[in-house]
Amino acid sequence: MDFFISPIQLLQSISLALELSAGGLSSHQWRVAMIADHVADKLDLTREERQTLVHVSLIHDIGAAASWEKVAGLRVGKSADLYAHAYAGYTLLKDSAAFHDMAPYIRYHHDRWDGNNISGLSGKQIPLLSRIICLSDNVAIQIDAQRFIFDQVPGILENIREGSGTYFQPELVDVFLRIAQSEGFWLDLINAYAFPEFFKRVGRYGDICYSLEDVMDIAEILATVVDWNDPFTGGHSRRVAVISEYLASQKGFCSDEVKLMRIAGLLHDIGKLAVSRTILEKPDKLNSSEFYIIKQHPYYTYHILHNIEGLQDVAVWAAYHHETLDGKGYPFRIKGESLSLGSRIVAVADIFTALTEKRPYHATMERDAVRQIMQGMAQHGKIDGSLVAVLFHDPEKINYLIAHVFAIQKK
Ligand SMILES: [Fe+2]
Ligand SMILES: [Fe+2]
Ligand SMILES: [Fe+2]
Ligand SMILES: [Fe+2]
């Protein structure tokens, strides 16, 4: 099976998930990428370095996806909290086949130029791309999109000038101050329609050929981030992936399709990043608006994934996991005949996993009780009965899967 996805589409989608995790669409990482790319334009960076810089900028706060409240408002400096998310991002990516080269730049993205850092690095020991991101991040974080931008510019410039030689490399500050003379530069940072143009332009820096295994590996990283955000069901995404893979192989999917099913399982709840932790962590029953908020998550899963050409099937399989055959599921209310087998598989895998997990509102359930509930759902036209039959057909296999599911839970 030929497999190609555009690196910028992939990074744009991941950054969308991260932007949504900051309590609404923050555009923070998009702004950082835009500013960093302007700075790179004035330096002698190769196209490859510029591409890496944009990619790193787009996900530089990946380590903060589950702790925005803590990170918001922090600036450069010797702060353990600030360093913690940079280090968490580094740890997430450092062993990834596709993204490991980005890890060190993320690790040092809050290091000060004058060296007062937990890392012990100073000046040019700090990677150049991290220095650029550090400066760009500080500009971006000061922008309040609700206020008139040109009322803010003098104060932002003053703060950046003040940080020259301490927080930021003086030469980079000089480059930035030259860029900042352009009104268009500032207008691009606050206009939503400037971002698609930006992505189109930086997409031309070059192609990276990601294999299907690379994308699986990236999906594993994102599943970790999603599961961080939901402490009650930590490991849920991986468990859904295991069951989805199993059902797909039993239903005759080819080996590449089984891998794509695994990706769909890993990413099915990525839209939960858009749901605040306060709601996800709530131990009592949700009220009706909270329930509506949580029910939005597959909508966001769809919008995060469907723009990646090559992963459109995965987007549909992943995002329709709360749709039901009778058309009464959510959020798209798609009817049975329009639900592909892949979508039905993730739905069944998700229900099976949820029932075997301990949730704030129910304890772990015995296998027979799970089977009865799922057979009942199939009889009531909610889920595909043939998949429920496959799931409970081989008792040995189901025992193994349940053991595997719990082994993941304990990790
Ligand atoms: Fe950061
Ligand atoms: Fe940041
Ligand atoms: Fe879900
Ligand atoms: Fe789920």
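The axes of α12 and helix α13 (residues 236–250) come within 8 Å of each other and cross at roughly 130°. That angle makes α12 oblique to α13. On the α12 side, the contact is made by E220, A223, T224, V226 and D227. On the α13 side, H236, S237 and R238 take part. By class, the residues of this contact divide into two nonpolar, three polar and three charged. The model is predicted, and the values reported here are computed from it.

Two further helix pairs were examined. Two packed helices are described by the angle between their axes and the distance between the axes. For α17 and α18, the packing angle is about 175° and the axes lie 9 Å apart. That makes α17 roughly antiparallel to α18. The cut-off explains the label, because angles over 145 degrees count as roughly antiparallel. P298, T301, Y302 and L305 of α17 make the contact with A315, V316, A318 and A319 of α18. Seven residues of the contact of α17 with α18 are nonpolar and one is polar. None is charged.

The other pair lies further along the chain. Helix α20 spans residues 367–379, and helix α21 spans residues 385–393. Their packing angle is about 165°, with the axes 9 Å apart. α20 is therefore roughly antiparallel to α21. The crossing of α20 past α21 is left-handed. From α20, the contact draws on R367, V370, R371, M374, Q375 and A378. From α21, it draws on G385, V388, L391 and F392. Six residues of the contact of α20 with α21 are nonpolar, two are polar and two are charged.

Empty space was considered next. Rolling a probe the size of a water molecule over the atoms shows where empty space is left. The structure holds seven cavities of 30 Å³ or more. The largest cavity contains about 80 Å³ of space. Its lining consists of 13 residues. Nearest the centre of this cavity lie L10, L222, L267, L305 and I308. Three helices each supply at least two residues of the lining: α1, α12 (212–228) and α17 (297–305). The largest share, four residues, comes from α12. Of the lining residues of the largest cavity, 12 are nonpolar, one is polar and none is charged.

The largest share comes from α1, with five residues. The lining of the second largest pocket has eight nonpolar, eight polar and one charged residues.

Y330 and P331 are joined by a cis peptide bond, with omega about 0°. P331 sits in the loop between α18 (312–319) and α19 (341–356). S27 is not a glycine, yet S27 has a positive phi of about 60°. S27 is found in the loop between α1 and α2 (28–42).

Key. Residues numbered from 1 in each chain as written. Chains lettered and ligands numbered in written order. Predicted model: local features only at pLDDT ≥ 70, side-chain atom pairs only at ≥ 80, totals over all residues. Heavy atoms only, no water. Axes fitted to C-alpha atoms, helices over the stretch in contact; angles between N-to-C directions. Parallel < 35°, antiparallel > 145°, perpendicular 65-115°, else oblique. Left-handed = near helix turned anticlockwise from the far one by under 90°. Contact = heavy atoms within 4.5 Å. Nonpolar A, V, L, I, M, F, W, Y, C, P; charged D, E, K, R; others polar. 1 Å grid on protein atoms, 1.4 Å probe; cavity = no way out; pocket = protein on both sides within 12 Å on 5 of 7 lines; lining within 4 Å. Points joined across faces, edges and corners; volume = space filled by probe spheres on them.
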